[in-house]
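Biologist: I would like to go through the aromatic residues of this model. Please give the cut-offs as we go.

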Amino acid sequence: MSKDDTIANPEFGPVHIINPQSRHTRTAIVLHGRGSNGQEFADEFFSSHLSGDKPLASALPGWRWVFPSSPSLWSTTFQEIIPAWFEARSLTDTTARQDLQTNGIAASVRYIQILIDEEVARLDGNASHVLLGGISQGAAVGIWTLLCPGPARGIGAFFGSSTWLPFAANIERALLQATADASTEPTPGEDESDTFVRGMMTLGGQPQGEASAMKILLGHGDDDAYVDITLGRQARNVLSKAGFIVEWKEYSGAEEEGHWFKVPDQMDDIYQFIQQTYSDEGE
């Protein structure tokens, strides 16, 4: 398994690459959670084996794996600089100081869109050959990338674990308004969070074209001590209302107090999801 690291953006950390073991046919871009980085997450992710003690990369030899690293941001909660895709004051009250999240979410979405464009170019323009995924805060950024106009609307699929959807209530309001009247004008009583969501998603946020039929796999531990499973269910519900085809899985007994992939069950589910969505798993 060959590896190389590159710097894709000076504001973000190194991008850790695991190159395919055979002819390159697909790419997965997978996003780490808060406090981690691309290489550390890649090592941990591929140490979480499938049944039969086989790593996912070995089961998918034609795949190129891209593990970006977030910037390091000042955390008002922990009063220190830590790797994070955006600032989040609280996961107990996800609406607390939402204004702290906007710059990070916007910058991270733009960055992931750039990475998707680069991988699509490597695949001769076949956006459907790209898979996006992540865990916790990384998966939250991945979901946001799906909801915004850009290259992610044409990719093949998305998987996420132990995650939530920032601004979920605002996104749901935008979707409801788009369904009702397709208006792009601010509504009475719209606050700054609504304005941010509308500006990022445009046209009320209704996913269009290929993205509306995209398949998504979401997994969550019912014993997750960091991101409560009710937040994961909320993300599932909003994405379903947005038109995505969401498969939902619940697990028990994962490492990190339930805030990690359940091994091997969840890794097997991810592999099966990829098999069902893509056609090169045997290459």
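Biologist: Is Trp65 buried or exposed?

Modeller: This is a predicted model, in which local features need pLDDT of at least 70 and side-chain atom pairs count only at pLDDT 80 or more, while totals for chains, interfaces and linings use all residues. Residues are numbered from 1 along each chain as its sequence is written, and side-chain values use heavy atoms, without hydrogens and water. Buried means under 20% relative accessible area, exposed over 50% and partly exposed in between, with a 1.4 Å probe and protein chains only. Trp65 has 0% relative accessibility, so it counts as buried.

Biologist: How many aromatic pairs are there?

Modeller: Rings of Phe, Tyr and Trp (its six-membered ring) pair if their centres lie within 6.5 Å; planes under 30 degrees apart are stacked, over 60 edge-to-face and the rest tilted. By this rule the count is 19.

Biologist: What kind of pair do Phe41 and Phe67 form?

Modeller: Phe41 is in helix H1 (residues 38-47) and Phe67 in strand S4 (residues 63-69), 26 residues apart; helices (H or I, at least four residues) and strands (E, at least two) are DSSP runs numbered from the N terminus. Both Phe41 and Phe67 are buried. Their ring centres are 5.9 Å apart with planes at 75°, so the pair is edge-to-face.

Biologist: What kind of pair do Phe46 and Trp65 form?

Modeller: Phe46 lies in helix H1 and Trp65 in strand S4, so the pair ties together parts 19 residues apart in sequence. Phe46, at 9% relative accessibility, counts as buried. The ring centres are 5.2 Å apart and the planes at 90°, so this pair is edge-to-face.
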